[in-house]
Amino acid sequence: MSTNDRTPRTTAAREAPILCATGRAAGARAARALVLALAGLAAAGAGAAERLAPKHLLHDPALLKDLFAERIAGQSEVIEARFSDATAAITVIATDDPHSSESWSASSRSPVRKDDARRPLAERPCAQLHLPFARLDFAGAARAADQAAAIVEANGYYAGGAAVYLNVSVGTTPGRSCQRLVWAAEMYSEANPMNRANVEWQLDGSAPVASDATHRPVPFARLLAGTKRGPKPAAPAAPPAPRRDFLHADIATELAQIEQRLGAPLPLYAVLIDTDMLRIETFEAGSRNKKKREWIFDADTGLRAAQDTSELADIQCDRPFTTVDFAFGQLSDLIARAPATIPPMANGHVSHVRIDRSSRECRKPPLIQVTIEDERGYGDAIYDARGKLLEAKVR
């Protein structure tokens with residue numbers, strides 16, 4: 001075919017690829033715009049679902065109820081609820097299983113969350129008493145909680161007792177033990193648990209009724225005013241004994257205490273010293289050195305108890321020793337110098353100390369093993385019975 005026989009391309013034909021490309025670009029831009037718009041809507045929806053509760057929950061009961069309503073189905077039946085100024089929790093009959101319950105909770109400055117655990121209704125006493133969520137009076141709970149907080153403040157009760165919870169009022173009529181739902185609070189003194197007040201309110205926070213630890217009625221006004229009798233003020237207590245630091249203290253007092261109980265010089269099997277505990281192991285009298293007993297001292301309370309005896313294994317040394325058999329007078333100094341004996345761990349701290357005879361060399365004097373710890377691991381400084389350093393190394 002000659003050049004003259006070729007059919008010339010029309011303008012439309014020449015521009016078709018350009019228009020197609022332009023159309024594809026426009027379609028891509030539109031698709032991206034749609035994706036971004038949908039992402040924005042999803043983010044907005046997520047943001048709405050993640051609204052935070054107020055800092056003081058019961059200062060705005062209407063907002064708090066709205067936050068729970070966003071997450072709990074409107075037809076839910078409430079069987080339990082608990083409110084304080086910092087936390088709120090509601091348990092409802094599960095919408096997908098009427099034989100079990102599910103719980104929702106919120107704390108100050110956090111969203112409402114659903115708890116993972118479920119519980120069969122059969123395990124809940126009086127579960128037949130429930131309340132539609134729409135009728136749950138958050139404002140009534142707030143009024144009851146405010147009065148509970150005032151009672152706690154006026155009577156010196158435990159601060160955590162200001163919470164109120166949806167409770168079943170238990171009647172005395174046979175066969176009718178579960179009578180009605182009320183707001184309730186239990187408040188008590190930590191110093192004297194019998195100094196207690198139990199208060200019930202109607203669901204709108206009105207008509208409070210109070211009783212004491214023996215369920216005798218107490219005038220609510222007197223309780224609110226803080227005139228309820230508490231325990232007599234105790235005499236000023238003696239200042240507590242200083243806390244023992246066994247690693248930096250002379251343990252002769254504790255050893256003497258055990259010796260006094262035994263009525264004989266200490267037949268030591270091992271001495272173990274920790275930051276806040278001292279454990280002394282002695283051979284049991286009359287056991288021919290085949291049994292040992294533990295004596296444990298706490299840093300705060302002193303001698304806790306003598307533990308039961310235990311049989312020695314065949315590989316354990318059966319020769320007792322006393323404080324005369326090792327450098328007892330140098331012990332505090334040896335412990336203090338131990339970290340410096342391992343230069344890489346010079347800034348570490350002493351974790352614990354063990355003094356005993358070696359099972360492999362049972363007839364030789366006891367060794368003093370000081371264990372040092374830092375952020376990288378452990379090391380040991382081992383002294384002989386005279387206080388001479390035998391070994392110092394990182395484990």
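Predicted model: local features only at pLDDT ≥ 70, side-chain atom pairs only at ≥ 80, totals over all residues.
Residues are numbered from 1 along each chain as its sequence is written, and side-chain values use heavy atoms, with hydrogens and water left out.

Strands (E, at least two residues) and helices (H or I, at least four residues) are DSSP runs numbered from the N terminus, and two strands are said to pair if DSSP finds at least two bridges between them. Lysine 292 has serine 310 of β16 as its bridge partner. Strand β14 (residues 291-298) also pairs with strand β13 (residues 277-283), in the antiparallel sense and over 7 bridges, with leucine 278 standing opposite phenylalanine 297 of β14.

Glutamine 316 is found in the loop between β16 and α6 (331-337). Because its relative accessibility is 24%, glutamine 316 counts as partly exposed, the class between buried (under 20% relative accessible area) and exposed (over 50%), as computed with a 1.4 Å probe on protein chains only. When neighbours within four places in sequence are left aside, glutamine 316 is in contact (heavy atoms within 4.5 Å) with Tyr269, Lys292, Glu311 and Ser359. Although 47 residues separate glutamine 316 from tyrosine 269 in sequence, their C-alpha atoms are 9.8 Å apart in space, and their side chains are joined by a polar contact of 3.0 Å. A polar contact is a pair of N or O atoms within 3.5 Å; within protein, one must be able to donate a hydrogen and the other to accept it, and residues adjacent in sequence count only if both atoms are side-chain atoms. A polar atom of the glutamine 316 side chain also lies 2.5 Å from the backbone nitrogen of alanine 313.

Helix α3 (residues 138-155) comprises 18 residues and reaches 26 Å from its first C-alpha to its last, close to the expected 26 Å, the expected span being 1.5 Å times one less than the number of residues. The N-terminal end of α3 is capped by aspartate 137, a side-chain oxygen of which lies 3.1 Å from the backbone nitrogen of alanine 139. Among the buried residues of α3 are Phe138, Ile151 and Val152, and just after the helix glycine 156 takes a positive phi of about 70 degrees.
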